[in-house]
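Good morning, and thank you for joining this presentation. I would ask you to look first at the sequence and the model on the screen, and then to follow me through the chain.

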Amino acid sequence: MKCSQCGNEKLVKTNLPMESYGDGGSWISGDVDIYLCLKCGHYEFFSMKKVHDYEETVSYIKEKEKELNTLKLKLVKMESDERKNFINKRIPEITEKLKSIDITIRQQQKLQGELDELKTELSRLPQEISYLKNDIRQIESELESKKYNFEQGSF
Ligand SMILES: [Zn+2]
């Protein structure tokens, strides 16, 4: 190890002289290794824990962004009329089939089941969309503050 100030190679591991304040807190954490240059008195600081924290924060932000994109795509799909139009077309089709006297009980049960599911889906759609929007807003605001702190050097 070399002193970044004077190039001297004689450094010793040490602590910073601490002053304790009213709350008893000191201002440097044990996760930081501190070395003192014996020639010029310059301190060198190292923290692999901070490097690790940095990497974790970077990958956390990436994961969250990915999740957010997935949810946004899902929302676009839910808000598009495609699914709604499909259901609205399918319901009268099934209703018509159910009226036929040629279908077996088994077929009838199957159609009735599908009909019930589609009706439920259709009625829940607005609620599902609002839940999804809520989730998206939450993740967005969490991500925003995480990124802000990250840019300020907190990770
Ligand atoms: Zn030095």
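This is a predicted model: local features need pLDDT of at least 70, side-chain atom pairs count only at pLDDT 80 or more; totals for chains, interfaces and linings use all residues.

Let me begin with the strands. Strand β1 (residues 11–14) and strand β2 (residues 33–37) run antiparallel and are joined by four bridges. Strands here are DSSP E runs of at least two residues, helices are H or I runs of at least four, and both are numbered from the N terminus. Two strands are said to pair if DSSP finds at least two bridges between them. Within this pair, L11 stands opposite C37 in β2.

Strand β2 is also joined to β3 by four bridges, and these two strands likewise run antiparallel. Here L36 stands opposite Y43 in β3. Together β2 and β3 form a hairpin with five residues between them, and G41 in the turn has a positive phi of about 80°.

Residues are numbered from 1 along each chain as its sequence is written.

The cut-offs are 20 or more other C-beta atoms within 10 Å for buried, 12 or fewer for exposed, and partly exposed in between, with C-beta atoms placed from the backbone. Leaving aside residues up to four places away in sequence, S47 touches D31, V32 and D33; contact requires C-beta atoms, placed from the backbone, within 7 Å.

Now to the helices. Helix α1 (residues 48–79) contains N69, which is exposed, with 10 other C-beta atoms within 10 Å. N69 and I136 are 67 residues apart in sequence, yet their C-alpha atoms are 9.2 Å apart in space.

Helix α2 (residues 81–99) has 19 residues and reaches 28 Å from its first C-alpha to its last, close to the 27 Å expected. The expected span is 1.5 Å times one less than the number of residues. The count of buried residues in α2 is zero.

Helix α3 (residues 105–151) has 47 residues, which should span 69 Å, and its end C-alpha atoms are 65 Å apart, which agrees. A kink of about 45° lies at L125, shortly before the proline P126; the bend is the angle between axes fitted to the seven residues ending at a position and the seven starting there. None of the 47 residues of α3 is buried, so the helix lies largely in the open. Just after α3, G153 takes a positive phi of about 95°.

Finally, the whole chain. From the N terminus on, its elements run β-β-β-α-α-α. The radius of gyration is 31 Å, well over the 15 Å that the globule rule gives for 155 residues, so the chain is more spread out than a compact globule. That radius is taken over C-alpha atoms, and the rule is 2.2 Å times the number of residues to the power 0.38. The C-alpha trace spans about 100 × 35 × 25 Å along its principal axes. Buried residues make up 1% of the 155 residues.

Key. Two residues are in contact if their C-beta atoms, placed from the backbone, lie within 7 Å.
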